[in-house]
Amino acid sequence: MSSLCVLPPECLLQPFTVPQRLMLGPGPSNVPARITAAGAQPILGHLHAETIEIMNQIKSGIQYAFQTQNRVTLAVSGPGHAAMECAIFNSLEHGESVLIAINGIWGERAAEIAERIGAKVNTLVTSAGGYFTNEEIEQALDKYRPVVFFLTHGESSTGVVHPIDGIGDLCHKYNCLFLVDSVAALGGTPICMDEQGIDIMYTGSQKVLNAPPGTAPISFSERACQKIFNRRTKPISYFLDMNLLANYWGCDDKPVRAYHHTGPVTSFYGLRESLAILAETGLENSWKRHKEVAEYFHKGLGEMGLKLFVQDKKARLPTVTTIVAPPGYDWREITGYIMKTYNMEISGGLGPSAGMVRSSWF
C-alpha cells in the first residue's frame with residue numbers, strides 16, 4: 001500500500017487545452033506569435049550576462065516608450081498592481097500627505113494602498129466618466145500641500161484619458177511629486193514623461209505592449225530619486241524597495257548587481273520583444289493607429305444606436321471603449337452571449353462603472 005494519504009489529482013493526469021479567444025476586455029490582450037515565441041526560448045540564469053543584456057535593452061525600450069532619460073527605469077517583477085505599490089511604497093512615508101485624484105477604480109485602489117502604509121490620504125473626486133481641470137488640481141495642491149499627487153492617465157474602468165499637460169508644472173510649483181498610472185494608456189495615446197514633468201510613471205506589460213502579464217515598467221525622475229533614496233525609514237516592502245531594485249537592474253552605477261530576487265526570465269524575453277515591436281512600429285505611429293481605430297469604432301457604435309459612456313470626445317481613451325449597457329439588458333447576459341457565441345471577451349465595468357458599461361479593448 002502507498003504511504004501517501006493524498007493521491008495525484010485526476011485533473012492533472014489529463015491534458016488541458018487552452019481555448020483560442022479574441023481578448024477584447026481591458027486586459028490582458030492577445031499576444032502576437034512573435035512575443036509568444038520569444039517567451040519560449042531557453043531559460044537563462046537571472047544574472048547571466050545575456051539576461052543582464054536583455055534587461056539593459058528593456059530599460060532602453062521603456063525609456064523610449066515613456067519618452068524619458070531617467071536612469072532609474074526598470075520593470076518590476078509583477079503586474080501593474082506591483083508597480084503601483086512600488087511607486088507608492090517608495091515615494092511615501094508614514095504620516096506624509098498624498099493627494100489622489102479619483103475618477104475611477106484605480107484612484108480608489110491607490111488611496112487604499114496609501115492608507116495601508118499610514119499616509120495621510122486626501123482625495124479629489126469626480127463622477128465616473130469625468131476628469132479634473134488644472135484649476136481644480138491646483139486648488140487641491142494648495143489646500144493639502146501633498147508630497148505626492150497621484151493621477152490615472154487612462155482610467156480603464158470608465159474609458160477616460162486624463163489630460164496631462166501643465167499638471168507636472170503645478171506639482172513642482174507646490175514641491176510635490178507627480179505620479180502617473182499609465183497602465184491602460186501607455187503606447188496607445190500620447191504621453192511624454194520628461195516633457196510633461198512626470199516624476200514617477202508605470203504601466204503593465206499586458207495592455208498596449210501585448211506581452212503576457214507579469215512585468216510592469218516603471219521610471220523615476222531625479223526629483224523622485226532624491227526623495228526615495230533619502231528616506232527617514234525603509235520602504236514597507238523589501239521586494240519593492242527601489243534601493244535594492246535599482247541595483248538589481250543596474251540603475252545605480254555600482255559595478256556589481258547583487259542578488260535581490262529571481263526575475264521572471266521568460267517574461268523578460270516577452271517584454272523585450274514587445275518593446276522591440278513598439279520601436280519598429282514607432283511610438284507616434286502607434287498613437288495614430290489607436291486614435292484612428294478608436295474613432296472608426298466609436299462611429300460604428302453610434303450608427304448601431306449604442307451610446308458611449310464618456311460623452312466628451314476629447315476625453316475618450318483610445319485603448320478602452322466603454323459602452324452604456326442598453327436599457328432593459330443585463331450586461332452579464334450581453335458579455336456572456338458574446339463569449340458563448342463568438343468566443344470573444346468583452347467585460348463589464350469596474351468600481352464606479354460596475355453594472356453601467358461594457359468595455360472593449362484595442
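In this predicted model, 26 residues of domain 1 are in contact (heavy atoms within 4.5 Å) with 32 residues of domain 2. Domain 1 covers residues 10–30 + 283–360 and domain 2 covers 33–279, with bounds taken from an automatic or database domain assignment. Over C-alpha atoms, the centres of the two domains are 25 Å apart.

About 2,200 Å² is buried between domain 1 and domain 2, and carbon and sulfur atoms give 63% of this area; buried area is the accessible area (1.4 Å probe) that two parts lose on being put together, summed over both. The two domains share 12 residue pairs in polar contact, both residues at pLDDT 80 or more. Such a contact is a pair of N or O atoms within 3.5 Å; within protein, one must be able to donate a hydrogen and the other to accept it, and residues adjacent in sequence count only if both atoms are side-chain atoms. On the side of domain 1 that touches domain 2, at least two residues come from each of α10 (283–303), β11 (320–324) and β14 (357–361). The largest share, four residues, belongs to α10.

The C-alpha atoms fill a box of roughly 70 × 55 × 45 Å along the principal axes.

Residues are numbered from 1 along each chain as its sequence is written, and side-chain values use heavy atoms, without hydrogens and water. Local features need pLDDT of at least 70 and side-chain atom pairs count only at pLDDT 80 or more, while totals for chains, interfaces and linings use all residues.
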